Amino acid sequence: ETWRDSRTLFAHAVALEESSVAHTNLGLALEADGELAAAERHHARATELAPALAGPRLNRARVLGALGRRSEAEAELAAAVAAEPDLAEAHAQLGWLLVEEGRDAEALPHLRRAHELAPEHLAIANNLAWVLATSATVADAAAARALAERLVDSSRGQQPAHLETLAAALARLGRFEEAVPWQARALECVPAAARGPLAERLALYRSGRPYVRGR
């Protein structure tokens, strides 16, 4: 009975002896079952038991975000960065949450630091390039284009997010004739249900307008 599944196992471990690892494992198992409120409570306890570690805070922040408790998620991510300032994932998650809140100027240092710490991490690099290509406040389209070109090369043109970022950077530079085929290629690479926003951006570029977030 005790070892019926991983969730039962980790619940038994927590009951035997509280530890950050046991609470983290149980929290992850509950997350996998879609029980986010219960998962959050165990991730919160994991952070209490290991306050100097970023990992439990990142787990809790992820669940808080899914529960719509974004201000609490931001606080946990800031604490994770303070706990482990050289952890790329902490900077990356905090930076992207700030982007989602329209706070690009605050986000950019974290996105840059995440990229510095993990230059080989393609998703982190693409997030940085996307913000540089599309921000209303901190854009650097030339830098975005250079980074996006490297990403497209790295993924051999098979990753639609990279193609989209390159298209956005080219459009922001006013190079719409070059942006259109890259965006069209990105559109072809995604399932039909996900094509709406990509098609809208393609129409923008065809009309000679860049995509700028927040406008």
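Analyst: In the protein, 48% of the contacts with a separation of 6 or more are between residues 24 or more positions apart; contact here means heavy atoms within 4.5 Å. The model is predicted: local features need pLDDT of at least 70 and side-chain atom pairs count only at pLDDT 80 or more, while totals for chains, interfaces and linings use all residues. Residues are numbered from 1 along each chain as its sequence is written, and side-chain values use heavy atoms, with hydrogens and water left out.

The protein has 12 helices and 0 strands. These are DSSP runs numbered from the N terminus (H or I, at least four residues, for helices; E, at least two, for strands). Along the principal axes, the C-alpha atoms fill a box of roughly 65 × 35 × 30 Å. Of the 215 residues, 45% count as buried, where buried is under 20% relative accessible area, exposed is over 50% and partly exposed lies in between (1.4 Å probe, protein chains only).

H8 is mostly covered, with 10 of its 13 residues buried. Among them are Ile 124, Leu 128 and Leu 132, as well as Trp 130, Ala 133 and Thr 134. An α-helix has 3.6 residues a turn, so residues three or four places apart point the same way. The cover over the buried residues of H8 includes helices H6 (88-100), H7 (104-117), H9, H10 (160-172) and H12.

Ser 135 counts as buried because its relative accessible area is 0%. The side chain of Ser 135 makes a polar contact of 2.7 Å with the side chain of Asp 104. A polar contact is a pair of N or O atoms within 3.5 Å; within protein, one must be able to donate a hydrogen and the other to accept it, and residues adjacent in sequence count only if both atoms are side-chain atoms. A polar atom of the Ser 135 side chain also lies 3.0 Å from the backbone nitrogen of Thr 137. Neighbours within four places in sequence aside, Ser 135 is in contact with Asp 104, Arg 172, Val 212 and Arg 213.

The segment after H12 (196-206) also reaches this region: Tyr 211 is placed in that segment. With neighbours within four places again left aside, Tyr 211 is in contact with Trp 130, Ala 133 and Thr 134, and with Arg 201, Leu 204 and Tyr 205. Tyr 211 and Ala 168 are 43 residues apart in sequence, with their C-alpha atoms 6.5 Å apart.

The next loop, between H9 and H10, holds Arg 156. Arg 156 counts as exposed because its relative accessibility is 72%. Arg 156 is not a glycine, yet it has a positive phi of about 55°.
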